[in-house]
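Biologist: I would like to learn how to read a model like this one, feature by feature. Could you walk me through it?

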Amino acid sequence: MSLDYLWTGFAVALQGHNLLFGLLGCFLGTMVGALPAIGPINGIALLLPLAYTLGVPAESTMILLAGVYYGAEYGGRISSILLNVPGDAGAVMTALDGNPMARQGRGAEALALSGIASFVGGMLSVLGLTLFAPLLGRLAIGFGPAEYFVLMVFAFATLTSMVGDQPIKTMIGAALGLALTTIGLDPTSGAYRFTFDEPELHDGIEFIILVIGLFSISEVLLLLEQQHRGTLQLLSIGRGFPSLATLRHCVGAVLRGTGIGFVIGVLPGTGASVASAVAYTTEKRISDRSGTFGKGDPRGLAAPEAANNAAAGGAFVPMLTLGVPGSGTTAVMLGALLLYNIQPGPQLFTERPEIAGGLVASMYIGNILLLALNLPLVQLFVRMLLLPNWILLPGILTLAFLGVYSTYASTLSIMIMLAIGVVGYLLRKLGFDLAPVILGFVLGKVMETNLRNALAISGGELGILFGSTICLVLWALAGLVLLAPFLLRRRAATA
């Protein structure tokens, strides 16, 4: 594919009004992403009808919406790092090391590192979109239910890197997450499971409710306990920029996270939550030789952050080349194109270069704008840590309640969130890591649906799970991930 469309796109994206649309999208996306449960989908859904009603050209609308998308990917990290309140699904892994860094007085450093990792991941993913979009589009088409199932097996294999010295607790956490995915409508038979005749449970436990309950509510309960016991420590802001040594230390994590996030983002139906989970567990297996992950290791923050933004860029590949959305957010953006009577596909790059090229070029520019916008605001964001607890704790609860209620308009959702929060608090008191619960929930839902679909296609024959080159490669990778630690330990013992 010729890159002529890209030069046309830069001519469009660098027009004054489109630069303003890109900047506005980045700013609004950052604000939207920082609010729990809102996310880029809702922000785009609100802005799209407004832009269309006002007669904004298609290319300008797409630039605005793309800015909201990757702006929200960064904004969700603000509350995740500072308050342990993930702003969206992809920010869960960020909290695992980002929040401990904030508690060590390195909140400003964590936010700056998050912005830099997001920038690198975003820029490299757009470069991949520019160079390899048609090829990767064909790769995405090659993934059927069997391939997706084996991909989830590989993702679960990486979960073993989180076991550490507590294998039983890790497995219990993952099993709990898997059990929660069975609530609601059976993906194949249509039967309701474990809903207790409650209509609001027909769709199962919503991911946002689970995340906010496990992290936000349990965090408030822990802080209240510490305050009651007089053991609550005041947090400091710290310096606002990571050292060059820290940045060099994180280069490998950022590059690996970018590669993982981009490839997973290309696959329709996976998204940033799966990408960040696989990136984090993979990086932990590769780099965590001293047991520092989960305790404020910058690499544990950089890898999922790069993966999040790379997945956002990768999700545009199937949308633009195949007309197949790679995530929920790109599904809304696909609707925006159709609203303007524009049909995505390979011909979009040659027949409407101002649309495809303008969108891709705006992502290069938007990532730069996002970095320039957010790095100077790090010190402002991090001052949330200096708020007294009589303001901070009710503020966290307010964000949690508003985020869930505004999304689902249900008091039952609030009650479920609170119940999950109490369970999360008890799990943390018992020394459980909450990450396996989230990973079991995220991966389990995709895993079950695709296994059932694959077996339905094959008439119950398990051979379909080994019937393609992609499946065999993924099985081999999963086996390698599981066996590598034992082989390395055996080699070290005999050396």
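Biologist: Staying with α15, is S362 buried or exposed?

Modeller: For a single residue, look at its accessible area and then its neighbours. S362 sits in helix α15, which spans residues 353–374. It counts as buried because its relative accessible area is 6%, under the 20% cut-off. Leaving out residues up to four places away in sequence, S362 touches A13, I63 and Y70.

Biologist: And what about the nonpolar core: which residues have the most contacts inside the largest one?

Modeller: The largest nonpolar core has 74 residues, and those with the most contacts inside it are L82, L111, F316, M319, L320, M333 and V360. Helix α4 (residues 58–83) gives this core its largest share, 14 residues. Apart from it lies another core of 64 residues, including F154, F156, I209 and M417.

Biologist: Which residues does M333 touch?

Modeller: Beyond four places in sequence, M333 touches I44, M62, L65, A66, Y69, F316 and M319.

Biologist: How far apart are E147 and T469, in sequence and in space?

Modeller: Comparing the two separations shows where the chain comes back to itself. E147 and T469 are 322 residues apart in sequence and 9.3 Å apart in space, C-alpha to C-alpha. E147 lies in helix α6 (residues 145–159) and is buried, with a relative accessible area of 10%. Its contacts, again leaving out residues up to four places away, are G142, S468, I470, C471 and L474.

Biologist: Where in the chain is confidence lowest, and where is it highest?

Modeller: Where pLDDT is low, the predicted coordinates should not be read in detail. In this chain the mean pLDDT is 80, and 87% of the residues reach 70 or more. Confidence is lowest in helix α16 (residues 378–382), at a mean of 72, and highest in helix α9 (residues 244–266), at 90.

How values were computed
Residues are numbered from 1 along each chain as its sequence is written. This is a predicted model: local features need pLDDT of at least 70, side-chain atom pairs count only at pLDDT 80 or more; totals for chains, interfaces and linings use all residues. Side-chain values use heavy atoms; hydrogens and water are left out. Helices (H or I, at least four residues) and strands (E, at least two) are DSSP runs, numbered from the N terminus. Buried means under 20% relative accessible area, exposed over 50%, partly exposed in between (1.4 Å probe, protein chains only). Contact means heavy atoms within 4.5 Å. pLDDT is the predictor's confidence in each residue, from 0 to 100. A nonpolar core is a set of buried Ala, Val, Leu, Ile, Met, Phe, Trp, Tyr and Cys residues joined through side-chain atoms within 4.5 Å.
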